Amino acid sequence: MITKIKHQIIACSLCCGAAAALTACSDFLDILPMNDVVLENYYTEKSDVASVLNGCYESLESSDCLTRMALWGEVRSDNLYLGSAVPWELEQVVKENILPSNSYCKWEAFYQTINRCNAVCYYAPIVNQLDPNYTYTEMRANVAEATAIRTLCYFHLIRTFRDVPFTREPTIDDTGNFRLPATKFDDVLDSLILDLEAVKDEAVRRYYTDDNALAYTNSSRITRPAIYALLADLYLWKGDWDKCISSCQYVIDFKKAQYEEMLEREGNLSNIDLIGGYPLILERPVGTTTSGNVYNEVFGTGNSFESLFELYFRENQSVANSYVPNFYMRNNSGAVQMGNLAVNDEEGFFYGDMPTTASLLFAKSDCRAYESLENISTSTKGIAKYARQRVSFNTQGSVTATSLRLEPTMRSTNFANWIVYRLTDVMLMQAEALIEKGELDQAFQLINVVNMRANCISLESSSLLKQTNYPAQSDMRDLVMTERQRELLFEGKRWYDLVRMARREGNTRSLANTVVKKQKVNKDAIKIKLADANALYFPYYRDELKVNPNLHQNPAYNTGDDADLEKN
């Protein structure tokens, strides 16, 4: 809980990424009694800041944090339904029966990460004055990294709970009053934008060149393009279309320049090409007839050309990605934890009878269907995204079950990276902002490029999407949401997309009609519940209300024992 964080203990646990730092931290605690620990005595050298910054990343990758990051943005959407061996509490979330006692309402892991980031932002400038080897530029770059991670955490919190306690101050010990009231969604959002705007151009642009063995660091740590991607998302939620578009354009221009550098260095690229002027990984590399390359690069190997920021899980390290094997397909078994009855699947919405016939969501030639889903049986569709190591198939010509030749390879270990932002996500964010400005032609071009890549369509071919089918702004809004669903399926984005649309529309009708389709019982009752905009957000966890009298429960959940709890 935010009120229980003991930062003097946390500061040492943050050092677990470096053996030297661990030794120093242990010695420090041996010298001073716990009650006399003063953080200023710890933050004295450049390496101290680096160790705690590494801890920020490790905290973000923790099972509690990643699981909620993924589930909060996905599980209440139309993408997921109950599979086998689903925890009871998660089943209640899927059924929209969320109680404040449900442990999925816990936010402790996010506030622990935020507190570590606050410590970096607070103490890095002090270390800059103490250690002559710690330059001002390095210090500001570290502060930019910590600010971005903190922003990402708060962004997940406000999209999940709406109003949340907000602070930029590190918690030093338990003697102060840290029982903060909730800050309004819009105020937190504005603060996050101001914070990122202040540091966006001080972050490292790129850590290593593309041909360096350590180039994966460019997407496994916060960089300037990653911050601009996060800023674009914040502006999209704020409704500042121009700044969203310009933030997206920075990322797109960066990737175009990176592509030109790679082209100049290597002479030709078989794996990446310009589609409508946008550099994207090809589903079928030049000279091949087999599809699946986008999945293999982006999700299988990870840290791809298109990646902007992803949580990095190195093989054989202590921290693994436990979310994927726990909630998607289990390694090598083909069993399903969630998603085997994905919304409307019996009606062919996601997969249906593909590749014999197109589904309602995917064309027969859309590689994303075969990459994201496992056709286990007529009624069971497993979530294969992230769970597979590699996949290959053929979508040329008339696609049939025989000609598809689908050959998936499941992961044998739990070290799949988790992608937070990638290029096509940014392209679709820019398209959404352009639609709101009424610039439909440019928006359609962006959406169409993403769709063409997924369907292995070249510029010389006719696209599957026809702009004449989307003449009105409302039609184009539906299109970009559908394309985001296809492109970002199961990546922790869909529920947040639906909530953003509901906030923009000023009502929950479209959201409720969309997500209630997956329900097998109590559809009318769930629709009535979701008619209350407060119900789009999670309740505060009961233990938080017990220790923080300044925190007041979301009205949609303020009933029964929990209402009495606030009075006592």
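The largest share of the lining of the largest cavity, 4 residues, comes from β10. Strands such as this one are DSSP runs of E at least two residues long, helices are runs of H or I of at least four residues, and both are numbered from the N terminus. This is a predicted model, in which local features need pLDDT of at least 70 and side-chain atom pairs count only at pLDDT 80 or more, while totals for chains, interfaces and linings use all residues. Residues are numbered from 1 along each chain as its sequence is written, and side-chain values use heavy atoms, with hydrogens and water left out.

To stay with the cavities for a moment, the term needs a rule. On a 1 Å grid over the protein atoms alone, a cavity is a set of points where a 1.4 Å probe fits but cannot get out; a pocket is an open set with protein on both sides within 12 Å along at least five of seven lines; and lining residues are those with an atom within 4 Å of a point. Grid points are joined across faces, edges and corners, and a volume is the space filled by probe spheres set on the points. Counted this way, there are 6 cavities of 30 Å³ or more. The largest cavity has a volume of about 150 Å³. It is lined by 17 residues, and the closest to its centre are His156, Arg159, Val420, Gly492 and Lys493. Two or more lining residues come from each of α7 (136-161), α10 (224-238), β10 (418-422) and α19 (494-505). Sorted by class, the lining of this cavity holds 8 nonpolar, 2 polar and 7 charged residues. Here Ala, Val, Leu, Ile, Met, Phe, Trp, Tyr, Cys and Pro count as nonpolar, Asp, Glu, Lys and Arg as charged, and the others, Gly among them, as polar.

Next comes the largest pocket, which holds about 870 Å³ of space. Its lining is made of 29 residues, with Asn54, Tyr57, Glu58, Arg221 and Arg314 nearest the centre. The elements giving two or more residues to this lining are α3 (46-60), α7 and α9 (217-220). Helix α3 supplies the largest share, 6 residues. By class, the pocket lining has 13 nonpolar, 8 polar and 8 charged residues.

Helix α7 also carries Cys153. This cysteine is buried, with a relative accessible area of 0%; buried means under 20%, exposed over 50%, and partly exposed in between, using a 1.4 Å probe and protein chains only. Leaving aside neighbours within four places in sequence, Cys153 is in contact (heavy atoms within 4.5 Å) with Leu60, Phe110, Thr113 and Ile114. Gln112 sits 41 residues from Cys153 along the chain, and the C-alpha atoms of the two are separated by 9.9 Å.

What about bonds between cysteines? A disulfide is a covalent bond between the sulfur atoms of two cysteines. With a cut-off of sulfur atoms within 2.5 Å, the count comes to 0 disulfides. Take Cys121: its closest cysteine sulfur, in Cys117, is 6.7 Å away, which is too far for a bond. Cys121 is buried, at 18% relative accessible area. The sulfur of Cys244 has its closest cysteine sulfur in Cys248, at 4.1 Å, and that is again too far for a bond. Cys244 is buried too, at 0%.

Salt bridges, in contrast, do turn up: a search of the whole structure finds 39 of them, each being a side-chain nitrogen of Lys or Arg within 4 Å of a carboxyl oxygen of Asp or Glu. One joins Asp242 and Lys437, at 2.8 Å from N to O. Asp242 belongs to helix α11 (residues 241-266) and Lys437 to the loop between α16 (423-436) and α17 (440-454), so this pair ties together parts 195 residues apart in sequence. Both partners are partly exposed, Asp242 at 48% and Lys437 at 36%.

Another salt bridge links Arg453 and Glu487, at 3.6 Å from N to O. Arg453 lies in α17 and Glu487 in helix α18 (residues 473-487), so the parts tied together are 34 residues apart in sequence. Arg453 is buried at 3%, and Glu487 is buried at 5%. These two also belong to a network of salt bridges made up of Glu306, Asp366, Arg368, Lys385, Arg422, Arg453, Glu483, Arg486, Glu487 and Glu491.

Back in helix α19, Arg500 and Asp497 are 3 residues apart, and so are separated by about one helical turn. Their side chains meet in a salt bridge of 3.0 Å, N to O. Arg500 counts as buried at 4% relative accessibility, and Asp497 counts as buried at 4%.
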